[in-house]
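Welcome! Here is a friendly walk through one model, told as questions and answers. Have a look at it before reading on.

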Amino acid sequence: MNNIDQVVTKVKPKLIIISKPKVVTVAQVLPDFTHVFTAELLATAYDGSRKLLEQITEAVAANAATQAAFETGSPTASYATKKQKAFASDWWTHLTELVVGGPQGDDKALHKALDFTVKQTFDAVFHKMLTGKDLPESKDGFGHNAMQALRKATGHGDAAIFLYRLRYWWPRAKIVIDGRKWIAKTHSQWAEELGMEERSFRTAYNHLLNLSLIEARKKPFNGQTMNHVRPTEVTEKLFARLEKAPTD
């Protein structure tokens, strides 16, 4: 051993800590809407993807549409459209301005996709309220809404709702006069069934008469003179086209 003291130095290995990125959930990103999300969605990691934003939008829109539907005793097509557009605008503003990690305001493709999600959701909710049935899905996965076709045919929201309900009753019509089927209901009965004011129903009814989409006559029924109505040939063809659509 030489005179130089040997010094043995124990060098401790450097401890390298690799921290995992903190997972931010949907519940944390959107705490004001946790009451409308499922437990699964609440726990989902928020990644800002289009798929996730569509899921979130559908849940929030369904809640908003349900509230809007129950705020009125007369859920007309024009009312539904007004509420849907207002919600879509407010929701996009919320996502782009208030949500950390939310979409960019100039992302037009995403904006259009979320607007479509809102529209489909509102259509489904109001369809269920009017008919008591879920809006069916077509083979391509999108809801086929006959109401849209009837709105185009009539150019009038309440008239479209009346035709939509007439389309439901027509295969069930049992009154036959002069070899043709009819449906007997008073204006007040139709209005109550459709959730409209009678004045609104009369406007829709006269609109359809002027367009020659329905025909009407007064005939005895159950001991009283009552209004009878039936779709015209043009409307029957429209109904037939709707039946051939993907599903409804």
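Q: What does contact mean here?
A: Contact means that heavy atoms lie within 4.5 Å. Please keep in mind that this is a predicted model.

Q: Which residues are in contact with tyrosine 205, leaving aside its neighbours within four places in sequence?
A: They are Phe162, His187, Ile214, Ala216, Asn227 and Val229. Tyrosine 205 itself has its place in helix H9.

Q: Why is tyrosine 205 called buried?
A: The cut-off for buried is under 20% relative accessible area. Tyrosine 205 has 6%, so it counts as buried.

Q: What is the overall make-up of the chain?
A: Its secondary structure comes to 10 helices and four strands. Along the sequence, the pattern reads α-α-α-α-α-α-α-β-β-α-α-β-β-α. Of the 248 residues in the chain, 40% are buried. Among contacts with a separation of 6 or more, 56% are between residues 24 or more positions apart.

Q: What makes H7 and H9 roughly perpendicular to each other?
A: The axes of helix H7 (residues 157-169) and helix H9 (residues 198-210) cross at roughly 80 degrees and come within 8 Å. Angles of 65 to 115 degrees count as roughly perpendicular, and H7 and H9 are therefore given that description. On the H7 side the contact is made by Asp158, Ala159, Phe162 and Leu163, and on the H9 side by Ser200, Phe201, Ala204, Tyr205, His207 and Leu208. By class, these are seven nonpolar, two polar and one charged residues.

Q: How do you know that H8 is roughly perpendicular to H9?
A: The axes of helix H8 (residues 187-194) and H9 cross at roughly 105 degrees, coming within 9 Å. The range for roughly perpendicular is 65 to 115 degrees, so H8 is roughly perpendicular to H9. His187, Ser188, Trp190, Ala191 and Leu194 of H8 make this contact with Glu198, Phe201, Arg202 and Tyr205 of H9. The residues of this contact divide into five nonpolar, two polar and two charged.

Q: Why are the buried residues of H8 said to line one face of the helix?
A: The buried residues of H8 are His187, Trp190, Ala191 and Leu194. Seen down the axis of H8, they fall within an arc of 100 degrees, so they line one face. Just after H8 comes glycine 195, with a positive phi of about 70 degrees.

Q: How do you know that strands E3 and E4 pair?
A: Pairing asks for at least two bridges between strands. Eight bridges join E3 (residues 214-221) to E4 (residues 224-231), and the two run antiparallel. Within this pairing, lysine 219 stands opposite methionine 226 in E4, and proline 220 stands opposite threonine 225 in E4. E3 and E4 form a hairpin with two residues between them, and asparagine 222 in the turn has a positive phi of about 55 degrees.

Q: What makes E1 and E3 the edge strands of the sheet?
A: Four strands form an open, antiparallel sheet in the order E1-E2-E4-E3. E1 (175-177) and E3 each pair on one side only, and that makes them the edge strands. From one strand to the next, the twist averages 45 degrees.

Q: Why does threonine 154 count as buried?
A: Buried means under 20% relative accessible area. Threonine 154 is at 5%, so it counts as buried. This residue is found in helix H6 (residues 146-154). Not counting residues up to four places away in sequence, threonine 154 touches Ala159, Ala160, Leu163, His207, Leu208, Leu211 and Leu213.

Q: How do you know that valine 60 is buried?
A: Its relative accessibility is 5%, so valine 60 counts as buried. Valine 60 lies in helix H3 (residues 50-70). Beyond four places in sequence, valine 60 touches Phe33, Val36, Phe37, Phe87 and Trp91. Valine 60 and threonine 121 are 61 residues apart in sequence, with 9.5 Å between their C-alpha atoms.

Key:
Residues numbered from 1 in each chain as written. Predicted model: local features only at pLDDT ≥ 70, side-chain atom pairs only at ≥ 80, totals over all residues. Heavy atoms only, no water. Buried < 20%, exposed > 50% of the residue type's maximum accessible area, 1.4 Å probe, protein only. Axes fitted to C-alpha atoms, helices over the stretch in contact; angles between N-to-C directions. Parallel < 35°, antiparallel > 145°, perpendicular 65-115°, else oblique. Nonpolar A, V, L, I, M, F, W, Y, C, P; charged D, E, K, R; others polar. Arc of directions from axis to C-beta.
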